Amino acid sequence: MKILITGGAGFIGSHVVRLFVNKYPEYNIINLDSLTYAGNLENLKDIENAPNYAFERGDITNEKFIDELFAKHNFDGVIHLAAESHVDRSISDPNQFIMTNIVGTVNLLNAARKSWNQDLENKRFYHISTDEVYGSLGDEGLFTEETSYDPRSPYSASKASSDHLVRAYYHTYKLPIVISNCSNNYGPNQFPEKLIPLSINNIKNKRPIPVYGKGENIRDWLYVIDHANAIDLIFHQGRVGETYNIGGNNEWKNIDLIYTLCEIMDKKLGRAKGESAQLITFVKDRAGHDLRYAIDSSKIQKELGWKPSLQFAEGLEKTVDWYLNNEDWLNHILSGDYEKYYNQQYHKR
Ligand code: NAD
Ligand code: TYD
């Protein structure tokens, strides 16, 4: 089996690539990534020489390149993770989100369709999406697979659009697709623009921890390796044409999460209790900030026997340890482009 994984140099993609390369030595895994600011081949150092792994640098918005790649490799399956993934960037500059998340996805769908022609037996196009397509919840309720789409940021609107196109290719052309929508991930290798790694890095360096609004927004957090395991199950056993919601059943108000992180960091860094929490700084709220996300994952639990393996306390501690033990990884990232973006984003608040 030859599998194309897109976005494999990113946060979640690198965990999926590692899992597949190690677990399925009989598969050939091709990682396609254009290495944007969020793509980092250091994430895959431990498996880069594996005989069943190859990296291709390329952009999914380049139709000709994508067609040639499919012609060269004859993939049996696609696991599509490449995306622009950060809400705040989508607010300041939406266009790249339209290009990568929508146009890039259509290029992959078209290439798969051409390459597989009528021979759809044992083929699979797996599109990885987010719970943000469902919009924002009030105090009650959970997102199910039947919840109507109601995206509210350029990021979530571009992901919603790509989900609709993937489903349209199933209904119109019988392309054997499957989709999953997952809640917020955390864990090693996440780019330090997202809440948890950004906070860990700022606490470590005694920089202010920027909390948007009053910190009352709620997210449902899942350890990245639990997401990778769900992707493995869905790729192999998910029913064609179906959608699966994946979530941690683990809702946290941002401010409570940050206090917990501060406590863990105080212990790890030998600081007095409460010292790191003094860095908490309330800043201007995100425009259109979704109040609450929470996932009902009973379908994947019942159909495929998946459940999260880690409690949040354990996952957070593992994550903090990873960032503290991988200073080089962080230092390589925290240069150039990222620093420029960071200053733009936070100096205007
Ligand atoms: P990420 O930003 O860490 O990684 C994205 C990867 O895609 C990077 O390696 C980047 O170089 C690559 N990429 C971007 N544009 C590309 C292009 N035009 N051509 C080729 N490669 C390109 O993202 P992530 O957090 O790992 O998210 C991966 C996927 O999972 C995304 O589709 C995202 O929408 C989805 N998702 C993320 C979360 C989360 O909490 N991070 C939750 C649910 C779903
Ligand atoms: P983020 O990690 O960007 O994920 P998403 O917006 O996709 O859920 O943000 C998680 C939550 O944390 C979200 O409610 C916004 C908030 N947040 C802050 O309060 N401060 C920050 O610096 C960041 C990046 C996010």
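User: How many of the ten residues of helix α6 are buried?

Analyst: This is a predicted model, in which local features need pLDDT of at least 70 and side-chain atom pairs count only at pLDDT 80 or more, while totals for chains, interfaces and linings use all residues. Residues are numbered from 1 along each chain as its sequence is written, chains are lettered from A and ligands numbered from 1 in the order in which they are written, and side-chain values use heavy atoms, with hydrogens and water left out. Helices are DSSP runs of H or I with at least four residues and strands are E runs of at least two, numbered from the N terminus, and buried means under 20% relative accessible area, exposed over 50%, and partly exposed in between (1.4 Å probe, protein chains only). Helix α6 covers residues 195–204 and is mostly covered, with Ile196, Leu198 and Ile203 among its buried residues, and their number is nine.

User: Which element supplies the largest share of the shell around ligand 1?

Analyst: Among the 28 residues around ligand 1, Ile12, Asp33, Ser85, Tyr155 and Lys159 come nearest, where a residue counts as near if one of its heavy atoms lies within 4 Å. At least two shell residues come from each of α1 (11–23), β5 (124–130), α5 (154–173) and β7 (184–186). The largest share, three residues, is that of β5.

User: What percentage of the area that ligand 1 exposes when taken alone does the protein bury?

Analyst: Polar contacts, pairs of N or O atoms within 3.5 Å, include one at 2.8 Å between an oxygen atom of ligand 1 and a polar backbone atom of Ile12. An N or O atom in the side chain of Tyr155 is 2.7 Å from an oxygen atom of ligand 1. By the Shrake-Rupley method with a 1.4 Å probe, ligand 1 taken alone exposes 840 Å², and the part of this that the protein buries is 96%.

User: What is the relative accessible area of Ile300?

Analyst: Ile300 lies in helix α9 (residues 298–304). Leaving aside residues up to four places away in sequence, Ile300 touches Ala230, Ile234, Tyr244, Asn245, Ile246, Gly305 and Trp306, contact being heavy atoms within 4.5 Å. Ile300 is buried, and its relative accessible area is 0%.

User: How many of the 14 residues of helix α7 are buried?

Analyst: Helix α7 (residues 224–237) reaches 20 Å from its first C-alpha to its last, close to the 20 Å expected at 1.5 Å a residue. The buried residues of α7 include Ala230 and Ile234, both of which Ile300 touches. Helix α7 is mostly covered, and the number of its residues that are buried is ten.

Terms used. Polar contact = N/O pair within 3.5 Å; in protein donor to acceptor, adjacent residues only side chain to side chain. Expected span 1.5 Å × (residues − 1).
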